2 protein chains.
Amino acid sequence: MEQLQRLPGVGPKTAQRLALHILKRPETEIQALAQALIDAKQQVGLCSVCFHLSAEPVCEICRNTNRDDHTICVVSDSRDVIALEKTREYHGKYHVLGGVISPMDGIGPEQLTIQSLVRRVSQQKPKEIILAISPSVEGETTTLYLGQLLKPFTRVTRIAFGLPVGGDLEYADEVTLARALEGRRELD
Amino acid sequence: MEQLQRLPGVGPKTAQRLALHILKRPETEIQALAQALIDAKQQVGLCSVCFHLSAEPVCEICRNTNRDDHTICVVSDSRDVIALEKTREYHGKYHVLGGVISPMDGIGPEQLTIQSLVRRVSQQKPKEIILAISPSVEGETTTLYLGQLLKPFTRVTRIAFGLPVGGDLEYADEVTLARALEGRRELD
């Protein structure tokens, strides 16, 4: 229970429920679970190109020759790659920063994969870099920093902020509404 | 309790709680509440220009000469005017449709204030019409319909869709993420 409680989202009650469940299951099943945890930890590393999680030295997305090499979408975390892949709308490559710039937590540009990104951009010369970083204070800082850094090389865009689809105007917070208004576009 | 239950969001339990509360309060207080309800219903009507709720024939926003006459923001409901006013970012005028086009509910353009809007636009000749309608299926239909209708007169824009501010990329639904990607803008 003590070990289980260290997992995110697992409190004392859930830990107890999980522990009792494990005691009830056959030993082979639990060995398979334990082995899977060790295997995952041992086999999954980071792609040497984009730093997305990968069991191979270069990840599946970077190896896929059907994907557009001229667009790099920069995200803070591997989870964001998974979220964007689910949209099935993006066919370029990615670059995972491994976090956002956060001086309060001692995370500066050198703690992230920014140097590799700059090297990659100057070598590959992509046509567009899309910054897809969550709009927190740290996220904004990171976006602006990367914008300044990468604009000499190529076209840099950022994803849109505004009303979520299916969201109601009435329930949107003021900042989101203001951004939606500011980011308005000509109807085509 | 029967009457109270007709209010939105009031179920049997809340109705009982409200009813018991009312029985406990002094009569003068309850009379004031009852009078306020009647007064509101009798005095508040719709602005004859923009159809926003108003105690006067023409609402405060339409009468305010400090506001930009050249921009009309079209919303479906008076609640949306209140939400947009809270942002303090919009200084133009409004037009409240009184709903969205919804053939399933028998609401066509003629049930809304669209005719008045077209008349208003052709007379006032605003420089921009901003469509700020929630992105439901009916909302999209209404936006596209109004776009076609108003484009001959002036510039027609719509508010941006994308990631809500403070929202996390990871938790955004796929459609919102796809729209955020599609609506990306050059970093300035």
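Trainee: What makes the contact between the side chains of Glu140(A) and Arg158(A) a salt bridge?

Mentor: Keep in mind that this is a predicted model. The N to O distance for Glu140(A) and Arg158(A) is 2.6 Å. A salt bridge requires a side-chain nitrogen of Lys or Arg within 4 Å of a carboxyl oxygen of Asp or Glu, so the pair of Glu140(A) and Arg158(A) qualifies at 2.6 Å.

Trainee: Which parts of chain A does the pair tie together?

Mentor: Glu140(A) belongs to helix H6 (residues 137–150), while Arg158(A) belongs to strand E6 (residues 155–158), so the tied parts are 18 residues apart in sequence.

Trainee: Is Arg158(A) buried or exposed, and how do you know?

Mentor: Its relative accessible area is 13%. Buried means under 20%, so Arg158(A) is buried.

Trainee: What links Glu85(B) and Arg67(B)?

Mentor: Their side chains meet in a salt bridge, 2.9 Å from N to O. Glu85(B) is in helix H4 (residues 78–87) of chain B and Arg67(B) is in the loop between helix H3 (60–63) and strand E3 (71–75), so this pair ties together parts 18 residues apart in sequence.

Trainee: Why is Glu85(B) called partly exposed?

Mentor: Glu85(B) has 27% relative accessibility. Partly exposed covers what is between the 20% limit for buried and the 50% limit for exposed, so Glu85(B) counts as partly exposed. Arg67(B), at 13%, counts as buried.

Trainee: What about Lys93(B) and Asp69(B): how far apart are N and O in their salt bridge?

Mentor: The N to O distance is 3.2 Å. Lys93(B) lies in strand E4 (residues 93–96) and Asp69(B) in the loop between H3 and E3 of chain B, so the parts tied together are 24 residues apart in sequence. Lys93(B) counts as buried at 5% relative accessibility, whereas Asp69(B) is partly exposed at 43%.

Trainee: Which residues do salt bridges with shared partners join into one network?

Mentor: The network consists of Glu128(A), Arg155(A), Arg184(B) and Glu186(B). Over all chains, the count comes to 18 salt bridges.

Trainee: Why does Leu37(A) count as exposed?

Mentor: Leu37(A) has 58% relative accessibility, and exposed means over 50%, so the label applies to Leu37(A). Leu37(A) sits in helix H2 (residues 27–43) of chain A. With Leu33(A) and Ile38(A), Leu37(A) makes a nonpolar surface patch of about 290 Å².

Trainee: How do you know that chains A and B are related as by a two-fold rotation axis?

Mentor: Chain B is superposed on chain A by a rotation of 180° with 0.0 Å of shift along the axis, at an RMSD of 0.0 Å. The two copies are therefore related as by a two-fold rotation axis. In chain B, Gly162(B) has the C-alpha nearest the axis, 2.2 Å from it. The same surface serves both copies, since 100% of the contact residues of chain B recur in chain A.

Trainee: Where does UniProt place the feature "domain: Toprim" in chain A?

Mentor: The unreviewed UniProt entry puts that feature at residues 70–164. In the model, this span is 37% helix and 18% strand, with its end C-alpha atoms 28 Å apart.

Trainee: And where is the feature "zinc finger region: C4-type"?

Mentor: According to the unreviewed UniProt entry, at residues 47–62 of chain A. The chain there is 19% helix and 12% strand, and the end C-alpha atoms are 8 Å apart.

Conventions. Residues numbered from 1 in each chain as written. Chains lettered and ligands numbered in written order. Predicted model: local features only at pLDDT ≥ 70, side-chain atom pairs only at ≥ 80, totals over all residues. Heavy atoms only, no water. Least-squares fit on C-alpha atoms with pLDDT ≥ 70 in both. Contact = heavy atoms within 4.5 Å. UniProt positions renumbered as here; feature names shortened; annotations may be inferred. Helix = DSSP H or I, 4+ residues; strand = E, 2+ residues; numbered from the N terminus. Patch = residues over 30% accessible without salt bridge, like charges linked within 9 Å, V, L, I, M, F, W, Y side chains within 5 Å. Areas by Shrake-Rupley, 256 points an atom, 1.4 Å probe, with all protein chains shown as cover. Buried < 20%, exposed > 50% of the residue type's maximum accessible area, 1.4 Å probe, protein only.
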